Structures are given as C-alpha cells and as structure tokens.
Amino acid sequence: MSTSAYDSTMTNSRDLESLRTRLWRLSSMLTCGVLAVALVGTWVANAVVMANSNRSMLLNVLGQAVTPGDLMWAQEHADARVDYALDERYRENAKQGQDQGQFPWAYGTAPDSAAASGPIPANSFRVAVFDDGGVAFLDSGQYVMSYEDTVSLVERAIDVRADGGPKMPEQSIEVSGNTWLWTTQISATNPVYDPADPESSVITFYASGDLSDYGSDGLVAARVFAFVDITPSVMQLKWLALVLGVAGVAGCAVLVLVCRKIIDRALVPVAESQARQREFLIKASHELKTPMASLSSNLDALVANGGETVASQERWTKNMREDIDELADRTCRLLDLVADPERGDSKA
C-alpha cells in the first residue's frame, strides 16, 4: 500500500472514531438531560403539592373559631413572658370538667394574612398576643414538642411578626430539627355587647394591623398565631430528593451505556464501508503495481536506445502496449469492484 493510501485509511479511522465519540456524548447528554428534567419536575410537583397541603392545614388551624369566651379568657390570663403563659395553659388543661360558659358578645375575625376553616390537626396550636405584649396559649403545645422548644418557637415568631408589615405571608421556623409553618390573623370582640343595641355588634377591622386601633374602639383584640408542624413533609421531600438523585445517577449511567451500544450499532455500516475502502486500496495497489513497473522498464529500455528507430524497437513498444492494455483491464476491474463489490469480486 502506498503512503498516501495508508494515510487516507488512518484518517478515515480517526474520523469514524471521532464521529462515534461526538454522537455518544451528544446522545448521552440529551437523554441524561431529559431524565434530569423529568426527575426535577417530579420533585417540584411533589413540593408544590405538599406546600399547598401544608398551607391548607395551616389556614384550617388559623380559621378555627376563637370564641369571645376564648378571647376574654386569653386576655385575663395573658402574661408578658411566654413560658409563664404556657404554664397557665397547662394549669388550665389540668382542670377537669370546667365550663367557661357562653359569652353573648359581638365577635369577629379579620385576615392578618389569610384564613380558612376545617379540622384542626394534632400537630398544631394557637397563641394570642395582645397589644400590651401579653401572651396566652389558646391551645397547648405540650403534646406537640418540648416545653423549651414551644417557648422558643413562639418567641421567635412574635419577634419576626413584630418586624413585619401590616400583612405577612406564611413563615417557617426550624426548632430542634423540626420545621414549623406559622401565620397570623386578628380576632376582636366587644366586651360590652348589648343584643338590644345593633351598633354594639359592629366591629371595624383596620388594614394597618395595629391592635391599638381596636383598643381605642373599646374592643378586645389579639393577634392569633397559628403553628403547624410540617417536619414530615420536609423530611419526605428530602428523602424524595435523595431517591430521585440516586435514580438519576443510576439512570444516567444506564443511558450512557445504552447510547454507546446504539451508536456503535448505527455506525456498523459506516465501519463496513471503510473496511471495503481499505480493501479496495490494497487491491488497487497490488493490481496496478506490476503492469506499471513493467511499463516503466520498457520505457527505460526505449530511452537507453534512443538512436534506434521505432521499428527497430518494436518489441519494446509491443511490450508497452501489452502493459497498457493490462493496466486498463485491471483499472476497469477495480472500477467494477467499486461500483458493485459482489460482481467485482466475482470477476476478479
């Protein structure tokens, strides 16, 4: 084989290998990208569903009726210290069979963020905070988490809400590894409600969210904090992220191998075509070498006897004619081999 033919063959091999590598990388990136988007979309969809579920649960807790009796009791037993207020709630829970009675006062609630109603979950509680800083637990958190964590959670939420504006979206706080979602609304009641006086049943709610505005109207008002433990949802999302991450890595590894196999199979005809090209170059080099060498020898003989006439060197010209005819015949057979490999091989 000539040097140029060898170089051409090696170049084709390198080009094929480069093509295989590019196709493999491109297909692997594409399939892994699609898989990653699908897995991320799955996680996001679950996160959205859980977030909506947690929000609905929080609003259900917030929307539970705080009766006038609850509000008046909270004002009476409110304490500036959260831990003392929680102690009072525990003492109240310890009283068996106590009836707080029904209070015939005008009562209403206004959304400080948002409100809804429904069954209250077990992993939740509510706290009333008055304008003077007094705190009262409307529900006990003793069956939800530890005493210290309950106090810390409420104190942090009160600090965050104090720095907020008139309206705040739902907030989350992490305490001792647990995540709590919380929000607020304003509850107000008229302590001098008179059924015979229609004006005493009118309660005006202010967009400012300032509790002092209600006090100037002679109302008892408090900002009610609702807390819901969303730790199970957070943990579930973390585990889902881990599972999807492992599935993504394993899936990408499998897809890379599958893409490599598919690309290798797809390039088999190309490899076979290159093999035929190499075979053709080898055959062409072998078939044309002999007549060309003979033609060159006869031409050298003619040159060496330049003083003789053409007729006197008929044997050399005859040999050259035979070499040319043989060269033409072999060239035609090689062309037949290129046009139709099977027919060319049979004629060869």
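Me: A polar contact is a pair of N or O atoms within 3.5 Å, where within protein one must be able to donate a hydrogen and the other to accept it, and residues adjacent in sequence count only if both atoms are side-chain atoms. What does the side chain of Arg-89 reach in this way?

Reply: In this predicted model, where local features need pLDDT of at least 70, side-chain atom pairs count only at pLDDT 80 or more, and totals for chains, interfaces and linings use all residues, the side chain of Arg-89 reaches the backbone oxygen of Phe-137 at 3.1 Å. Side-chain values use heavy atoms, with hydrogens and water left out, and residues are numbered from 1 along each chain as its sequence is written.

Me: Why is Arg-89 called buried?

Reply: Buried means under 20% relative accessible area, exposed means over 50%, and partly exposed lies in between (1.4 Å probe, protein chains only). Arg-89 has a relative accessible area of 10%, so it is buried, and it lies in helix H3 (residues 82-94). In the protein chain of 348 residues, buried residues make up 33%.

Me: What makes Arg-20 and Asp-264 a salt bridge?

Reply: A salt bridge is a side-chain nitrogen of Lys or Arg within 4 Å of a carboxyl oxygen of Asp or Glu. The side chains of Arg-20 and Asp-264 meet at 3.0 Å, N to O, and therefore form a salt bridge. This pair links distant parts of the chain, with Arg-20 in helix H1 (residues 3-62) and Asp-264 in helix H6, 244 residues apart. Together with Glu-17, these two residues are linked in a network of salt bridges.

Me: Are Arg-20 and Asp-264 buried or partly exposed?

Reply: Arg-20 has 18% relative accessibility and therefore counts as buried, whereas Asp-264, at 29%, counts as partly exposed.

Me: How many salt bridges does the structure hold, and how do you know that Glu-170 and Arg-55 form one of them?

Reply: The structure holds five salt bridges. The side chains of Glu-170 and Arg-55 meet at 2.8 Å, N to O, and so make a salt bridge under the definition above. Here too, distant parts of the chain are linked: Glu-170 sits in the loop between helix H4 (147-162) and strand E4 (171-175), while Arg-55 is in helix H1, 115 residues apart. Glu-170, with a relative accessible area of 23%, is partly exposed, and Arg-55, at 37%, counts as partly exposed as well.

Me: How do you know that the length of helix H6 is close to what is expected?

Reply: The expected span of a helix is 1.5 Å times one less than its number of residues. Helix H6 (residues 231-266) has 36 residues and reaches 51 Å from its first C-alpha to its last, which is close to the 52 Å expected. Among its buried residues are Thr-231, Leu-244, Gly-248 and Cys-259.

Definitions and conventions
Helices (H or I, at least four residues) and strands (E, at least two) are DSSP runs, numbered from the N terminus.
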